[in-house]
Amino acid sequence: MDPTLSLLLNGIVSGLLLGGLYAAAASGLAVSFGMLDIVNIAHPALMVAAGFAVILLGGALGLDPLLMALLVAPAFALLGMGIYTAYHHFFERRGDEALQGLAFFFGVMFIIEVGLVMAFGPEQRFLDPDWAFTTWRFGEIDVPLRMLIPALVSLAAIGLLWLFLQRTFIGLAIAAVAQDAQALRLMAVDPVRIKRLAFGISVGFAAIAGGALVVVQPIEPSSHHVFIGRVFAVCIMGGMASLSGCVMAALLFGVVENLTASFFGPSWSPAVAFGWLLLVLAVRPQGLFGRAA
Amino acid sequence: MSATALPAPAVAGERRHLSYWLGATAVAVALAVALRLLGNEYGWYAGYFVLQYVVLAAAWNILGGYAGYVNFGAAGFMAAGSYTAIVLYESMGLGVIPGILGGAVVAGLLGLGTGYLTLRLRGVYFSIATLCLAVVLQTLIVNWDYVGGSRGAYIIRPMTVPGFASYGEYIFIVMLVLAVLAVGIGRTVEMSRLGTGLQAIRDNERAAEAVGVPTLRLKLIACTLSGALMGVAGAPLPFYAGYINPEGAFNLAYAVNSIAMPLIGGAGTWLGPVIGAVLLATLQQAATVTISSALNLWIVGWMLVIFVALFPRGIIGWFRNR
């Protein structure tokens with residue numbers, strides 16, 4: 001096969017696999033930022049913190065990293081509920097979300113990053129489960145399990161979240177609380193309780209994405225910086241509150257970023273995230289897959 | 001604005017402005033004289049450290065404090081100033097003063113561009129964009145060999161500057177003048193029509209728009225001015241340190257401090273950022289001597305979270321409410 005064509009096909013396939021990881025990171029944000037309108041800029045930092053927890057605990061217990069990520073997810077969900085309780089008490093209740101609330105999440109992000117530097121040092125950490133060295137070959141196309149399995153686990157988790165949001169009463173209440181908290185109150189549902197639960201789910205998803213992240217690439221405390229641009233770009237492109245839009249945007253984004261990296265050099269991939277974000281904000285703020293408000 | 005205002009308040013306003021400039025000059029001169037009497041090189045060094053944060057906090061406050069639009073990318077704007085100074089030095093051998101002017105222009109244009117693309121939307125989009133802007137600028141600088149890439153760039157400082165006791169004193173006085181100017185500009189904005197318009201945007205943007213406040217134009221002016229002043233804060237940095245690398249120029253400390261200082265002092269007042277900057281920067285300068293820099297920054301992060309939760313109007317607001 002033509003080498004350029006082979007590079008292109010490989011770029012598309014590994015971009016789709018990378019997109020699966022981005023989808024996991026961004027779908028948690030689609031719940032908190034998209035549905036609850038809480039601008040959690042600490043989301044990628046929580047993801048990296050979960051990655052470190054997976055490395056530490058998974059290494060100590062000898063468990064598979066992705067299984068470990070599912071085990072730490074409930075702990076992170078509890079942490080998220082705690083963060084939301086503080087956020088609601090000090091900011092949301094007083095109507096101070098815009099300036100002070102944003103500064104609060106920035107402070108949380110900063111505390112997590114510096115805390116990780118103090119606990120683990122600034123160097124890179126990584127994990128190599130046994131299956132990570134296997135690569136499946138389909139003709140010219142390589143499919144490394146290191147990329148495939150995290151992507152599949154991420155997409156499965158998103159599928160479960162989608163079912164939960166579509167089929168259960170609490171899931172429907174989460175979708176409803178963003179639109180009309182007052183109406184929810186009339187149905188004898190406490191909107192604050194629903195939002196706390198939803199925020200917990202969102203942070204739990206950050207933990208699953210963190211587990212997938214440590215398998216795909218080495219992490220360091222500052223790894224979340226590039227993810228801020230990526231996940232917000234994906235979330236906004238996907239139309240904010242839509243999980244299916246989020247997955248499609250993440251896959252597309254993964255392909256574009258990966259092709260840029262293979263044809264122009266990997267140092268340009270952070271610029272892709274920012275360029276897309278600016279482009280989307282300037283041209284289609286309702287998202288690629290969203291409807292005009 | 002004095003053309004449309006009534007004569008009497010305009011005169012009172014002029015007098016209030018004059019008293020600020022005289023008072024600030026007196027404080028600045030007293031500070032310079034006191035440090036010269038102290039005669040310690042470390043005094044200039046520590047003084048510069050505190051004053052650069054006064055400029056940075058005052059700059060952030062123009063958009064963040066008055067209009068309520070949060071800029072997370074202060075480190076990016078500052079580094080734009082620092083690296084403009086480096087480019088001017090490398091290409092034409094220009095010194096610190098042209099570097100400051102160039103840094104103001106480049107960072108101001110950066111603010112205008114970012115603002116033009118994102119300020120038409122809700123404030124959070126602007127905040128997210130500024131957060132990514134710093135990451136992308138850092139990528140660009142790391143890949144740009146002319147300014148040293150990730151290795152960094154050196155500036156050969158003159159040993160002495162005519163009229164000054166030492167180079168340290170010279171660079172301190174430059175920053176002192178910049179701090180007086182930056183705080184004065186912030187104060188002028190607060191008392192002008194621009195400031196009133198920005199405060200209307202912060203309180204209720206839709207209502208402001210409805211009564212005819214040109215919201216987008218005011219936000220763009222504030223964003224450009226704020227960005228330019230951040231560039232001004234960063235431009236003397238390579239001349240002060242003699243060396244700059246991307247890691248230092250885009251240091252997290254700038255991003256967190258530029259937000260923590262105005263909010264802790266009292267955002268939306270011209271004095272608040274000064275109080276916050278002097279307090280936090282002095283604390284950090286004292287703490288770096290005794291504890292590690294990571295722990296030091298960690299404390300700033302906690303202070304930010306605790307202050308915005310418990311004292312949302314900062315130290316100034318707390319005193320006013322009593």
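User: Before we start, how do I read "buried"?
Analyst: A residue is buried if 20 or more other C-beta atoms lie within 10 Å of its own, exposed if 12 or fewer, and partly exposed in between; the C-beta atoms are placed from the backbone. Take B:Phe307. This residue has 23 C-beta neighbours inside 10 Å, so B:Phe307 counts as buried.

User: What kind of model is this, and how are things numbered?
Analyst: The model is predicted: local features need pLDDT of at least 70, side-chain atom pairs count only at pLDDT 80 or more, and totals for chains, interfaces and linings use all residues. Residues are numbered from 1 along each chain as its sequence is written, while chains are lettered from A and ligands numbered from 1 in the order in which they are written.

User: Where does B:Phe307 sit, and which residues is it in contact with?
Analyst: Two residues are in contact if their C-beta atoms, placed from the backbone, lie within 7 Å. B:Phe307 belongs to helix α14 of chain B. Helices (H or I, at least four residues) and strands (E, at least two) are DSSP runs, numbered from the N terminus. Setting aside neighbours within four places in sequence, B:Phe307 contacts B:Leu263, B:Ile264 and B:Gly314.

User: How do I judge the overall fold of chain B?
Analyst: Start with the elements. Chain B has 15 helices and 2 strands. Next, the radius of gyration, taken over C-alpha atoms; the globule rule is 2.2 Å times the number of residues to the power 0.38. For chain B the radius is 19 Å, close to the 20 Å the rule gives for 322 residues, so chain B is as compact as a globular protein of that length. Its C-alpha atoms fill a box of roughly 55 × 45 × 40 Å along the principal axes. Buried residues make up 51% of the 322.

User: What about chain A?
Analyst: Chain A has 11 helices and 2 strands. Along the sequence, the pattern is α-α-α-α-β-β-α-α-α-α-α-α-α. The radius of gyration is 19 Å, close to the 19 Å that the globule rule gives for 293 residues, so chain A is as compact as a globular protein of that length. The box for its C-alpha atoms is roughly 65 × 45 × 35 Å, along the principal axes. Of its 293 residues, 51% count as buried. Among contacts in chain A with a separation of 6 or more, 79% join residues 24 or more positions apart.

User: How do I check a helix by its length?
Analyst: The expected span is 1.5 Å times one less than the number of residues. Helix α9 of chain B (residues 215–234) has 20 residues and should span 28 Å; its end C-alpha atoms are 29 Å apart, which agrees. Of those 20 residues, 16 are buried, so α9(B) is largely enclosed by the rest of the structure.

User: Which spans of chain A carry the "transmembrane region" annotation?
Analyst: Such annotations may be inferred rather than shown by experiment; UniProt positions are given in the numbering used here, and feature names are shortened. The unreviewed UniProt entry lists several spans in chain A, among them 12–34 and 67–87. Residues 12–34 are 100% helix and 0% strand, with end C-alpha atoms 28 Å apart. Residues 67–87 are also 100% helix and 0% strand, with ends 30 Å apart.

User: How do the two strands of chain A pair?
Analyst: Strands pair if DSSP finds at least two bridges between them. Here 4 bridges join β1 (residues 135–138) to β2 (residues 141–144) of chain A, and the strands run antiparallel. A:Arg137 stands opposite A:Asp142. A:Thr135 has A:Pro144 as its bridge partner. The two strands form a hairpin with 2 residues between them, and A:Gly139 in the turn has a positive phi of about 65°.

User: How should I read a positive phi?
Analyst: Most residues other than glycine have a negative phi. A:Asp37 is not a glycine, yet has a positive phi of about 65°. A:Asp37 lies in the loop between α1 (3–35) and α2 (43–61) of chain A. With 16 other C-beta atoms within 10 Å, A:Asp37 is partly exposed.

User: How many residues make the contact between the chains?
Analyst: Chain B gives 34 residues and chain A gives 34. On the chain B side, α5(B) gives the most, with 12 residues. By class, that side has 27 nonpolar, 7 polar and no charged residues. Ala, Val, Leu, Ile, Met, Phe, Trp, Tyr, Cys and Pro count as nonpolar, Asp, Glu, Lys and Arg as charged, and the others, Gly among them, as polar.
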